[in-house]
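Thanks for coming. I will go through one protein model, starting with the whole chain and ending with a few single residues. Please keep the structure open while I talk.

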Amino acid sequence: MRSLETMLLAALLPYAVCHAGCKRDPAPSPPTASSAPSVSTAAASTKPSAASSVAPSASASAKLVQTCEVEISGKLTLPPGAKLGPEVYVYVAEGDCLSPTAKMLGRQRVVETGKFWTEVFSSWGADLTICAAVEGPDGETTLFGKSPKSYHAEAHGEIIVNDVVVPLASGSARTFAKPGGPPRP
């Protein structure tokens, strides 16, 4: 027969494995006071209940982690004579952000100084890239760029990436995919 404390520990162990920045999907509801057996019921029962089953190991629980929270800040650099304009965005993607098949996770407007901050939730273990673009009214751009580094999203807790530099340069006209939509063909 298990004590109430042992049953609660078994139920809450998966929540202890994954910290604030990483999310588990699907996220079951933690037991509430009304759903947990009372001390008198647990002590009187001789049959094992579902709550008294063996808790998953830490390695099994770690496999349930599916997304990570990533905060990114940095600045854009411009070629001589170029101006930012009002429609400047930073894009964060799983895979190459310049690829038409990239999975766009975030799109954030850049302030007039060229500095930016954004937050995304990526797949666990994904390699993230960061692009930026000065967009026209139709979303098309000829002034865009990509950070020379990629960032691996595989860590417990919130991942913070500071001082990212995205150099902008003139190029062939293109349109970046919007987050949440399917990759462009």
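The protein has 3 helices and 10 strands. Helices here are DSSP runs of H or I with at least four residues, strands are runs of E with at least two, and both are numbered from the N terminus. Starting at the N terminus, the order of elements is α-β-α-α-β-β-β-β-β-β-β-β-β.

Some ground rules. This is a predicted model, where local features need pLDDT of at least 70 and side-chain atom pairs count only at pLDDT 80 or more, while totals for chains, interfaces and linings use all residues. Residues are numbered from 1 along each chain as its sequence is written, and side-chain values use heavy atoms, with hydrogens and water left out.

Now the totals. Of the 185 residues in the protein, 35% are buried. Buried means under 20% relative accessible area, exposed means over 50%, and partly exposed is in between, with a 1.4 Å probe and protein chains only. The accessible surface is about 10,500 Å², and carbon and sulfur atoms hold 59% of that. The areas come from the Shrake-Rupley method with a 1.4 Å probe; for residues, only the protein chains shown count as cover. A contact means heavy atoms within 4.5 Å. Among contacts with a separation of 6 or more, 72% are between residues 24 or more positions apart.

Next, the aromatic rings. How many aromatic pairs does the structure hold? There are 2. Rings of Phe, Tyr and Trp (its six-membered ring) pair if their centres lie within 6.5 Å; planes under 30 degrees apart are stacked, over 60 edge-to-face, and the rest tilted. Y91 and F176 are a stacked pair, with 4.8 Å from centre to centre and 15° between the planes. Y91 is in strand β3 and F176 is in the segment after β10 (169-175), so this pair ties together parts 85 residues apart in sequence. Both residues, Y91 and F176, are buried.

In the other pair, the ring centres of F144 and F176 are 6.2 Å apart and the planes are at 75°, so the pair is edge-to-face. F144 is buried because its relative accessible area is 13%, and F176 is buried because its value is 2%. Y91, F144 and F176 form one aromatic cluster.

Two arginines lie over ring faces. For this, CZ of Arg (or NZ of Lys) must be within 6 Å of the ring centre and within 35 degrees of the ring normal. R174 lies over the face of F176, 5.1 Å from the ring centre. R107 lies over the face of Y89, at 3.5 Å from the ring centre.

Back to strand β3 (residues 88-94), which contains E94. Is E94 buried or exposed? It is buried, because its relative accessible area is 15%. The E94 side chain reaches the backbone nitrogen of S123 at 2.7 Å. Leaving out residues up to four places away in sequence, E94 touches several others, including A102, L105, S123 and L128.

Last, strand β9 (residues 159-167), where V165 lies. V165 is partly exposed, because its relative accessibility is 34%. V165 and G74 are 91 residues apart in sequence, but their C-alpha atoms are 5.7 Å apart. Beyond four places in sequence, V165 touches K75, T77, S147 and P148. D163 is also in strand β9, and D163 is exposed because its relative accessibility is 69%. The phi of D163 is near 60°, a positive value in a residue other than glycine.

How values were computed: Polar contact = N/O pair within 3.5 Å; in protein donor to acceptor, adjacent residues only side chain to side chain.
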